[in-house]
Every structure is written in structure tokens, then in C-alpha cells.
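Reader: Could you walk me through this one slowly? I have not looked at it before, and I would like to ask as we go.

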Amino acid sequence: MAIEIERKFLVVGEGWRDRVGDATRLVQGYLTEDARTTVRVRIRGETAWLTLKGASRGISRLEFEYPIPVDDAETLLRELAVSPLIEKTRYRVPHAGHLWELDVFAGANAGLVLAELELERVDEAFERPDWLGAEVSDDPRYFNVNLARHPYRDWS
């Protein structure tokens, strides 16, 4: 069974940019979402994935991910996904033995920059980089599925 343990933070400043390991453009959309399950389609570079996620339990949840043909992903995003799609560039930034993923959003969520850290254990310690802002792991507004339904540009 796959379990995702992830913490999410706002990003402050640009100090992370000189430490970037690599960057990838992502486009993703949500086919369905309810209290128990979220189904996501994501195109990352030249690959595509179908992901099923269970309900969050604190900072962890079940996650299953399967590769699918890019053509299928494009059709699913165009024909079945909630609009607007999530568009972002993901930067991988190593820091103090951990690999952070920083998402710089575009489109309807432009202006939002989030840092995510996947952990092995819920209580795993990590060093906070100086560009890390407030934690938003428990704030549903920052869940990608909610950013598709209520984009950052529409927040008051």
C-alpha cells in the first residue's frame, strides 16, 4: 500500500532559485473528487500519470499512481477534467538532506508559490530553509484539487 506523507508551505523570497536541481512543467486536472477519493491526471514533461488519492489523515493519505499514454491524458484533461487546469513549473531543490519540490503556478493560479516535502515518517525531522514561509499542510485552499475549483486569482 502506498502512503504519501507530505508537508506543504508557502515560499517567501527568491533564495531558493540558485539551488535548483531541475525543473519540469506540469499540467494536471481532476476527474473526480469527493470526501474519500480524488482522481487526477497529470502530464509531466513527456510522461503522463493517473493518480488516485484517498482522504487526508493529517499529513498522510493513500496514493496510487499509474502511467498512461500522453494522448489519453490530453484527452482526459480536455474532455473530463474540472476547469481551469492546474499549470505549474516544479523545481526540485535539495536542502540539508531532503529534496524539496517548489511549485510556481501559472494560469489561473499565477502568483502562488508552494514548497512540498515528502517524508518517510509523520514525525520525521527536517531543517527549514530560509525561504520557507508559513505551513499550509492543513489548509484545504492550497490543495491542488481546490485550486482547480477555486483558483488563487479569485481569492479576496
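Reader: How is strand β2 joined to strand β6, and how do they run?

Author: In this predicted model, strand β2, which covers residues 22–33, is joined by 7 bridges to strand β6, which covers residues 86–95, and the two run antiparallel.

Reader: What happens at A96, between β6 and β7?

Author: The hairpin of β6 and β7 has 2 residues between the strands, and A96, in that loop, has a positive phi of about 50 degrees although it is not a glycine. With a relative accessibility of 47%, A96 counts as partly exposed.

Reader: Changing topic: which residues does the salt-bridge network link?

Author: The network links K8, D22, K88, R90, R92, E101, D103 and E116, and the structure holds 19 salt bridges. One of these is between the side chains of K8 and E116, at 3.5 Å from N to O. That pair links distant parts of the chain, since K8 is in strand β1 (residues 3–11) and E116 is in strand β8 (residues 113–118), 108 residues apart.

Reader: Are K8 and E116 buried or exposed?

Author: K8 has a relative accessible area of 6%, so it is buried, and E116, at 6% relative accessibility, counts as buried too.

Reader: What about E87, and which residue forms a salt bridge with it?

Author: E87 forms a salt bridge with R25, and their closest N and O atoms are 3.4 Å apart. Because E87 lies in strand β6 and R25 in strand β2, the pair ties together parts that are 62 residues apart in sequence. E87 itself is partly exposed, with a relative accessible area of 28%.

Reader: Then N144, where is it and what does it touch?

Author: N144 lies in helix α2 and is buried, with a relative accessible area of 9%. Leaving aside neighbours within four places in sequence, N144 is in contact with K8, Q28, Y30, I86, K88, F105 and E116.

Reader: And S137, which residues does that one touch?

Author: Not counting residues up to four places away in sequence, S137 touches E6, R7, K8, I59 and F143. S137 lies in the loop between β9 and α2 and is buried, with a relative accessible area of 10%. The C-alpha atoms of S137 and L10 are separated by 9.6 Å, although these residues are 127 apart along the chain.

Reader: Where is the cis peptide bond?

Author: A cis peptide bond joins S83 and P84, with omega about 5 degrees, and P84 is placed in the loop between α1 and β6.

Reader: Last one: which residues does UniProt list for the CYTH domain?

Author: The unreviewed UniProt entry lists residues 2–149 as "domain: CYTH". In the model, that span is 11% helix and 51% strand, and its end C-alpha atoms lie 26 Å apart.

Note on methods: Residues numbered from 1 in each chain as written. Predicted model: local features only at pLDDT ≥ 70, side-chain atom pairs only at ≥ 80, totals over all residues. Heavy atoms only, no water. UniProt positions renumbered as here; feature names shortened; annotations may be inferred. Helix = DSSP H or I, 4+ residues; strand = E, 2+ residues; numbered from the N terminus. Pairing = 2+ DSSP bridges. Buried < 20%, exposed > 50% of the residue type's maximum accessible area, 1.4 Å probe, protein only. Contact = heavy atoms within 4.5 Å. Salt bridge = Lys/Arg side-chain N within 4 Å of Asp/Glu carboxyl O.
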